[in-house]
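Good morning, and thank you for making time for this presentation. Please look at the sequence and the structure together as I go through them.

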Amino acid sequence: MLDLNESSEVEFVGEDAAIQAMRYDFKPLNMIESMEDKAFIDVIGMCDNVGEIQNFTSNRTQKELTKRTFRIVDQSESAVECTLWGNTASQLDPATILNTSA
């Protein structure tokens, strides 16, 4: 993530062929069902729900775990629930993601 503010300076320094451009192949969420298990997909959507932080003990490892779920929707009117784990889950600010901050 790149975070800029009013004190940031951005300067064009020319093209560098050694730096590979980011390439995306965006797909609608309704295509996920037809994809192979554990496949990667690029999506664009809107977060419409962020769940509460959940702390629990894993039955398998007996370790304390932290998770938070969130849901994204897209123009195909499909939705996908996603899970963040550990510090990522704890540090997420739902107000920022849902654009409800004051």
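I begin with a cysteine: the sulfur of Cys-82 has its closest cysteine sulfur in Cys-47, at 8.4 Å, which is too far for a bond. The criterion for a disulfide is a pair of cysteine sulfur atoms within 2.5 Å, and by this rule the count is zero disulfides. Before I continue, please note that this is a predicted model, in which local features need pLDDT of at least 70 and side-chain atom pairs count only at pLDDT 80 or more, while totals for chains, interfaces and linings use all residues. Residues are numbered from 1 along each chain as its sequence is written, and side-chain values use heavy atoms, with hydrogens and water left out.

Are these two cysteines buried or exposed, or in between? Buried here means under 20% relative accessible area, exposed means over 50%, and partly exposed is in between, with a 1.4 Å probe and protein chains only. Cys-47 counts as buried, at 15% relative accessibility, and Cys-82 counts as partly exposed, at 21%.

I turn now to charged side chains. Side chains of opposite charge can pair when their charged atoms come close. I use the term salt bridge for a side-chain nitrogen of Lys or Arg within 4 Å of a carboxyl oxygen of Asp or Glu. How many salt bridges does a search of the whole structure find? The search finds two.

One of them joins Asp-48 and Arg-71, with 2.9 Å from N to O. Asp-48 lies in strand β1, residues 46-50, and Arg-71 lies in strand β3, so this pair ties together parts that are 23 residues apart in sequence.

Lys-27 is partly exposed at 29%, and Asp-25 is partly exposed at 48%.

In the segment before β1 we also find Phe-26, which counts as partly exposed at 42% relative accessibility. Together with Met-22, Tyr-24 and Ile-44, Phe-26 forms a nonpolar patch on the surface, with about 480 Å² of accessible area in total. Such a patch is made of residues with over 30% relative accessible area and no salt bridge, where nonpolar side chains (Val, Leu, Ile, Met, Phe, Trp, Tyr) are joined within 5 Å. The areas come from the Shrake-Rupley method with a 1.4 Å probe, and for residues only the protein chains shown count as cover.

Next, the strands. Strand β2, residues 54-57, pairs with β3 in the antiparallel sense over four bridges; two strands pair if DSSP finds at least two bridges between them. Thr-57 stands opposite Glu-64 in β3. The hairpin of β2 and β3 has six residues between the strands, and there Gln-62 takes a positive phi near 65°.

Two threonines of β3 deserve attention. Thr-66 lies in this strand and is buried, with a relative accessible area of 18%. Which residues does Thr-66 touch, not counting those up to four places away in sequence? They are Ile-53, Gln-54, Asn-55, Leu-84, Trp-85, Gly-86, Ala-89 and Ser-90, where contact means heavy atoms within 4.5 Å. The C-alpha atoms of Thr-66 and Ala-89 are separated by 6.9 Å, although these residues are 23 residues apart along the chain.

Thr-69, also in strand β3, counts as buried at 14%. Residues up to four places away aside, Thr-69 touches Asn-49, Val-50, Gly-51, Glu-81, Cys-82 and Thr-83.

Gly-51 itself lies in the loop between β1 and β2 and is buried, at 16%. Beyond its neighbours within four places in sequence, Gly-51 is in contact with Arg-68 and Thr-69. By C-alpha atoms, Gly-51 and Glu-77 are separated by 20 Å, at 26 residues apart along the chain.

Finally, I come to Ser-78, in the loop between β3 (64-73) and β4 (79-85). Ser-78 counts as buried at 18% relative accessibility. Leaving aside neighbours within four places in sequence, Ser-78 is in contact with Leu-29, Asn-30, Ile-72 and Val-73.

Thank you for your attention.

Definitions and conventions. Patch = residues over 30% accessible without salt bridge, like charges linked within 9 Å, V, L, I, M, F, W, Y side chains within 5 Å.
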